[in-house]
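Visitor: Please show me the model. I would like to go through strands and rings.

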Amino acid sequence: QIMDVLSLRPGQMEDMFDSLNFTKALEWAYDYAIKSGASFAGFVRWENKGDKNIEAVFTDGCGCSNQKCCMCIENEGFGVHRNERFISLPIGGEWYYKTAKKAYFEGMGHIVSAEHKPLVIGKELLDAMFDFIEAAPTYFICTGESEKANEHAHLICGATLLPIHKANDARKFKSKEYPYIDITVTDWYTTGIRLACTNRGKLIEFTLKLINAYKKDGGKVFISLRKVESKFVIELGLMRGEAKKENSALTKLDIMAMAGVFGISSKTEAELKTIEKYLTKEIKFTPACLTDGMEAHAKMIDRLLKEVGNDKLGSVEAALDVKEECKKTLVAFLTDIKAFDDKQVEGFIMQF
């Protein structure tokens with residue numbers, strides 16, 4: 001509350017933002033939000049190195065508990081958002097920047113629509129994304145069809161590459177109609193397509209053709225835009241609906257999960273600590289233990305206890321075993337929602 005009194009007023013934030021170049025302004029706004037208590041970045045991260053890496057971050061999200069939409073500008077300065085500031089952006093349409101309440105990575109911010117309307121991946125949205133990247137070429141911007149985005153259109157930006165960005169190229173294609181666009185199927189868990197081109201207009205045109213053709217079947221789409229040297233690079237993640245229940249105990253299908261970054265709540269973190277105690281035999285496991293949410297981890301617990309048998313693990317080894325089993329579950333979650341197999345995706349792309 002004291003910081004709310006001492007924080008810059010919205011108009012002063014706008015003036016400071018406008019006085020800097022766009023990239024520096026984003027960096028300053030994120031740093032200011034951390035220092036004023038509007039955002040928190042003290043997260044613990046599991047990072048999985050490799051070509052098809054995923055990341056798990058322990059965070060409780062924004063903590064918005066009232067009935068109002070936490071993305072609406074009317075909430076600026078109220079409740080859990082009392083120190084937050086929405087800054088208008090010079091990009092197509094009417095969009096505002098605000099830092100993420102609980103960041104998954106350094107520099108994470110939200111680009112939110114001034115209107116309370118659902119996300120529509122169309123030319124208007126892509127133009128706004130390109131405007132942002134042309135102004136801040138060292139950043140990425142992404143969005144996807146998820147529960148929150150379908151309630152209030154918003155995008156996520158940052159300067160740290162996401163796991164989906166690091167996926168290797170698997171196969172390359174050429175379109176007869178768009179020969180100047182580099183088209184790649186990536187080695188990613190969901191169906192990953194990477195498009196690269198210097199021509200903004202043609203890249204938007206081709207991307208929308210792909211998305212609209214896929215959306216006819218009711219699938220979901222993740223889309224990211226960044227700049228690599230002189231080319232714009234779009235990453236698409238095509239996926240079907242929710243994952244099977246057995247693969248969704250640790251997460252849900254939100255924008256970051258689509259990109260391979262999973263938020264794990266403090267409640268789930270505590271449950272994982274309990275599972276570690278089953279492996280160290282600090283707590284004796286019985287079916288009666290599966291209450292208060294623990295039943296969601298029944299299959300994981302069963303697999304781990306079978307591997308351990310009568311052995312008694314040390315605390316470090318138990319933590320590693322739980323961590324690796326969680327990663328398998330998260331990978332299964334992404335793989336489960338894959339849109340196409342290798343032959344199907346080739347046929348899908350080559351129709352254009």
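Guide: Two strands pair if DSSP finds at least two bridges between them. Strands (E, at least two residues) are DSSP runs, numbered from the N terminus. This is a predicted model: local features need pLDDT of at least 70, side-chain atom pairs count only at pLDDT 80 or more, and totals for chains, interfaces and linings use all residues. Residues are numbered from 1 along each chain as its sequence is written, and side-chain values use heavy atoms, without hydrogens and water.

Visitor: How many bridges join β2 to β13?

Guide: Strand β2 covers residues 55-58. It runs parallel to β13. Within this pairing, F58 stands opposite I264 of β13. The number of bridges is 4.

Visitor: What kind of aromatic pair do Y278 and F285 form?

Guide: Rings of Phe, Tyr and Trp (its six-membered ring) pair if their centres lie within 6.5 Å; planes under 30 degrees apart count as stacked, over 60 as edge-to-face, the rest as tilted. Here the centres are 5.1 Å apart and the planes 65 degrees. The pair is therefore edge-to-face.

Visitor: Is Y278 buried or exposed?

Guide: Buried means under 20% relative accessible area, exposed over 50%, partly exposed in between (1.4 Å probe, protein chains only). F285 has 27%, so F285 is partly exposed. Y278 has 4%, so Y278 is buried.
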